[in-house]
Amino acid sequence: MNNGPDRRSPGLAVLRRDFAGPMRAVGGLFAMSADAVKFIFRRPVQWREFLEQAWFVARVSLAPTLLVAIPFTVLVSFTLNILLRELGAADLSGAGAAFGAVTQIGPLVTVLVVAGAGATAMCADLGSRTIRDEIDAMEVMGINPIQRLVTPRMLASGLVALLLNSIVVVIGILGGYTFSVFIQDVNPGAFAAGITLLTGVPEVIISCVKALLFGLIAGLVACYRGLIITGGGAKAVGNAVNETVVYAFMALFVINVVVTAVGIQLTTR
């Protein structure tokens, strides 16, 4: 779809040239992110690309989410219940399982899956297009790559991360209930009654905000790293994919700490 010459993005060549400097690379990521957010509110909206990318990210992320969420749930529930038994407070296992699943397990599993599966697949796709000069061809035709490719992927990644977080939270609570009640002989009524003891609407909102931010930023990092590949063929794409995982993990864990700290300050007042 031709968006007109006035919407052509001149920044990709600059981004590729400036990638040699780490701080300039960070600046380039912020510049691309600002453009991607700006194009959310501009027509034409790339609905088809958004839906295709949402399905693509969900398809590659759903199975890893289930495989990672269950061991996390068992580990946290087992360790927490041992501690509560030693303190004589085994009936509070429901409160601990729900609080851990909502505030930490859900967002952390989302970090691992979105950065490790969804973002890498997205980076590989865009990197392959870049080394085949498809991105340059789009610019020559007057199509803005940021609007056409980055913004839909950013939104799709955020939506899928939000949905994955909800799935992990449900798995965490149900898994904690199953493991606590049937393996460690916790009273089922006490477990159910304790779910809302520490976890309420504010904690759920903070968890959803975390997951949404994780998805948006993982998508932006993947798109940025995929678009600035300057050469090297398949090897360069592989390096970009590996770097995407590292950069996304670093960014997402920092965001997790910041949002958690802010959320605690807001919910304890």
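How many of the 39 residues of H4 are buried? In this helix, 28 of the 39 residues are buried, and H4 is mostly covered; buried means under 20% relative accessible area, exposed over 50%, and partly exposed in between, with a 1.4 Å probe and protein chains only. The structure is a predicted model, in which local features need pLDDT of at least 70 and side-chain atom pairs count only at pLDDT 80 or more, while totals for chains, interfaces and linings use all residues. Residues are numbered from 1 along each chain as its sequence is written, and side-chain values use heavy atoms, with hydrogens and water left out.

**Overall architecture**

- The protein chain contains 9 helices and 0 strands; helices (H or I, at least four residues) and strands (E, at least two) are DSSP runs, numbered from the N terminus.
- Read from the N terminus, the order of elements is α-α-α-α-α-α-α-α-α.
- Of the 269 residues in the protein chain, 45% are buried.
- The accessible surface of the chain is about 13100 Å², and carbon and sulfur atoms account for 71% of it; accessible areas come from the Shrake-Rupley method with a 1.4 Å probe, and for residues only the protein chains shown count as cover.
- Among contacts between residues at least 6 apart in sequence, 88% join residues at least 24 apart, where contact means heavy atoms within 4.5 Å.

**Nonpolar core**

- The largest nonpolar core has 49 residues; such a core is a set of buried Ala, Val, Leu, Ile, Met, Phe, Trp, Tyr and Cys residues joined through side-chain atoms within 4.5 Å.
- At least two residues of this core come from each of helix H2 (22-38), helix H3 (47-87), H4, helix H5 (134-140), helix H6 (145-182), helix H8 (201-227) and H9.
- The residues with the most contacts inside the core are Met-32, Ile-146, Val-150, Leu-227 and Leu-252.

- Helix H4 covers residues 93-131, and its 39 residues should span 57 Å at 1.5 Å a residue; the expected span is 1.5 Å times one less than the number of residues.
- The end C-alpha atoms of H4 lie 53 Å apart, which agrees with that expectation.
- At Ala-101, H4 bends by about 50°; the bend is the angle between axes fitted to the seven residues ending at a residue and the seven starting there.
- Asp-133 is located in the loop between H4 and H5, and its phi is near 65°, a positive value in a residue other than glycine.
- The relative accessibility of Asp-133 is 47%, so this residue counts as partly exposed.

- The 38 residues of H6 should span 56 Å at 1.5 Å a residue, and the 53 Å between its end C-alpha atoms agrees.
- At the start of H6, a side-chain oxygen of Asn-144 comes within 2.8 Å of the backbone nitrogen of Ile-146; a polar contact is a pair of N or O atoms within 3.5 Å, and within protein one must be able to donate a hydrogen and the other to accept it, with residues adjacent in sequence counted only if both atoms are side-chain atoms.
- Trp-47 belongs to helix H3 and is exposed, with a relative accessible area of 55%.
- Although Trp-47 and Pro-152 are 105 residues apart along the chain, their C-alpha atoms are separated by 7.5 Å.

**Threonines of helix H9**

- Thr-244 is found in helix H9 and is buried, with a relative accessible area of 0%.
- A polar side-chain atom of Thr-244 lies 2.7 Å from the backbone oxygen of Ala-240.
- Beyond its neighbours within four places in sequence, Thr-244 contacts Ala-119, Cys-123, Val-221, Ala-222 and Arg-225.
- The C-alpha atoms of Thr-244 and Arg-225, 19 residues apart along the chain, are 6.6 Å from each other.
- Thr-260 also lies in helix H9, which comprises residues 233-267, and its side chain reaches the backbone oxygen of Asn-256 at 2.6 Å.
- Not counting residues up to four places away in sequence, Thr-260 touches Gln-104 and Lys-210.

**Thr-199 in the loop between H7 and H8**

- Thr-199 lies in the loop between helix H7 (188-198) and H8 and is buried at 11% relative accessible area.
- Leaving aside neighbours within four places in sequence, Thr-199 is in contact with Ala-95, Ala-98, Phe-99 and Val-102.
- The side chain of Thr-199 reaches the backbone nitrogen of Phe-99 at 3.2 Å.
- Thr-199 and Ala-98 are 101 residues apart in sequence, and their C-alpha atoms are 6.6 Å apart in space.
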